[in-house]
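Please consult the sequence and the structure below alongside the text.

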Amino acid sequence: MRIIVVVAIQCCLADQALAKPLVVGGDRDYPPYEFIDKQGKPAGYNVELTRAIAEVMGLQVEFRLGGWSEQLSDLKSGRIELLQGISWSESRAASIDFTPPHTMVNHAIFARTETPAVSSLEELQGKRVTLHRDGIMHEQLMAMGYASDLVPTPTPADALRLLAAGECDYAVVAMVPGMYIIREYKLTNLVPVARSIASQKYGYAVRKGNDELLARFTEGLAILKKTGQYDTIHAKWLGVLEPAKPTWQEALKAAAILATPLIVVLGGTVLWSYSLRRQVAQRTASLSSALEELRLNQQQLVQADKMAALGILVSGVAHEINNPNGMILLNMPILKEAYADAVELLEERYQREGDFPLGGLPYSRMRRELPLMMDEMHDGAKRIKRIVEDLKDFARRDDRATQEQIDLNEVAQTAVRLVERSLRTATDRFEASYAKQLPQVCGNRQRIEQVLVNLLLNACQALSDSSRGIFLTTFCDPTGPSVGLTLRDEGSGIAPEHLARLTDPFFTTKRESGGTGLGLSVSSGIVKEHGGSLNFDSTPGQGTTVTLVLPAVTENLL
């Protein structure tokens, strides 16, 4: 009862804290991301995205847009609670916390039309460069030692005006705001001379330690991406400024225009005409192939984004489970001590009065079962904590290719714990055999764990009923030297014509049930990055065996 009351009080306090408007800061002049419109109201991509997240999460927001330097200072001092548009950097992450990025901002170098072009930041050495004060590129160029050459301005628009007036040589501004400002203010003598010289992760930030607000906005952003509302807002504000991709018809027309003068010059002979038509056909085929590859890459990015959103939701749920489970772990030892202190009194009553009810059951029974019940509850809470930690480790984004020595047995056991519920549902016969004294392998633990989770889930989905089994075995091949794992299921098996295509991107036999064909493709790529192999052996109707082999760490590699 005391645990329930404490949790209820915490929930009430949290609801009261979020009932007041959330103070959201941003740049007053950073179009089209965020700006004050002609009616004096906050507008832009960030503003509309924040409103949408607030609506889906049941929050009230109050916008306070101002100068960028002041907004950054206000967040660190607590005068605003959330900064809605900020690029991530290690130095900033030391004092503020970031949500996962929702956008990538590409920065460019702008110049006047008569100014010699440059292609990189390094070529700006000794040039007079204007940029946005305290922006991410200001930090980067300061770190490169360009302080004496920089002319910081309050807004990107001020920087481009200085450049247009001839007071500076170049300007470093984000590509989309730069093109927007050039169009809006008709700065026709400015052009981007180096595009995408730096790409920055762009998202929300809160004051260091404000984990609750960070989790709410992270969850809200994930929901918008899942429902498609994020794509609508992105297309409305940013899509119109992105250059249109050429169609193959336009490319074909351009090729024909270029080919016509050549045909006239060479006399229009049959041989040359045939040769030129063949060249055009080859270019058209090449362009079509490139467009198809681009389409496949876009689909893969969409799926990867969905998986990132799922990881965010898993992290949020794990955080919510940890709080009440932590109370159980904290209070259970106290209850056990309290019971131990009360045993003497209960025994005296038992000796004096005989058996009596305790919790609706005879004391003679409860004296044996109550300690066991409390031990089981304590062990269960520990198990919940371990599962939650495994989920958080698995869902955590790992952008760095961390290389460490890992134990394949430990990774396999963690993967089994993560999919334990799916295994219990799919089969009554799951068996695991782990080889003793298995050599370690060098690689990224989280990525290998991702491969094993995917293989285990595929095995579960292959079973037609729970009487069929799944069998996992780890082994060591000293001749390699290598270590490996076999996963055999007694499922439906794979047709011979499909076996060779299992790791092809987007190939799946489960399209109607929601399969994307990316799981085994991604898994195969991860294994190849680690210098290993992933092999499949299957007989239709009898099952499939997957063999994962990774090179073992030897003394020569240490």
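The second largest pocket has a volume of about 260 Å³. The model described here is predicted.

**Second largest pocket**

- The lining of the second largest pocket consists of Arg-28, Asp-29, Pro-31, Phe-35, Ile-36, Asp-37, Lys-38, Tyr-180, Glu-184 and Tyr-185.
- Two or more of these lining residues come from each of strand S3 (34-36) and helix H7 (175-184).
- By class, the lining of this pocket holds five nonpolar and five charged residues, with no polar ones.

**Largest cavity**

- Across the whole structure, one cavity of 30 Å³ or more is found.
- At least two lining residues are supplied by each of strand S6 (82-87), strand S8 (103-112), strand S9 (129-132), helix H5 (136-143) and strand S11 (170-174).
- The lining of the largest cavity comprises 12 nonpolar, six polar and three charged residues.

**Nonpolar cores**

- In soluble globular proteins, nonpolar side chains tend to be buried together.
- The largest nonpolar core contains 37 residues, and Leu-452 and Leu-487 have the most contacts inside it.
- Two or more residues of this core come from each of helix H13 (408-418), helix H14 (420-426), helix H15 (445-462), strand S18 (469-477), strand S19 (482-489), helix H17 (519-529), strand S20 (533-539) and strand S21 (543-551).
- Helix H15 makes the largest contribution to this core, giving eight residues.
- Leaving aside residues up to four places away in sequence, Leu-487 is in contact with Leu-455, Leu-456, Ala-459, Ile-470, Phe-471, Leu-472, Thr-544, Thr-545 and Val-546.
- Another core, of 32 residues, lies apart from the largest one and includes Phe-63, Leu-82, Leu-213 and Trp-237.

**Strand pairing**

- Strands S19 and S21 pair in the antiparallel sense over eight bridges, and Asp-489 has Thr-544 in S21 as its bridge partner.
- Strands S20 and S21 also run antiparallel and are joined by seven bridges.
- Phe-536 stands opposite Val-546 in S21, and Val-546 is also among the residues that Leu-487 touches.
- The hairpin of S20 and S21 has three residues between the strands, and Gly-541 in this hairpin takes a positive phi near 85°.

Technical notes
Residues numbered from 1 in each chain as written. Predicted model: local features only at pLDDT ≥ 70, side-chain atom pairs only at ≥ 80, totals over all residues. Heavy atoms only, no water. Core = buried A, V, L, I, M, F, W, Y, C linked by side-chain atoms within 4.5 Å. Buried < 20%, exposed > 50% of the residue type's maximum accessible area, 1.4 Å probe, protein only. Helix = DSSP H or I, 4+ residues; strand = E, 2+ residues; numbered from the N terminus. Contact = heavy atoms within 4.5 Å. Pairing = 2+ DSSP bridges. 1 Å grid on protein atoms, 1.4 Å probe; cavity = no way out; pocket = protein on both sides within 12 Å on 5 of 7 lines; lining within 4 Å. Points joined across faces, edges and corners; volume = space filled by probe spheres on them. Nonpolar A, V, L, I, M, F, W, Y, C, P; charged D, E, K, R; others polar.
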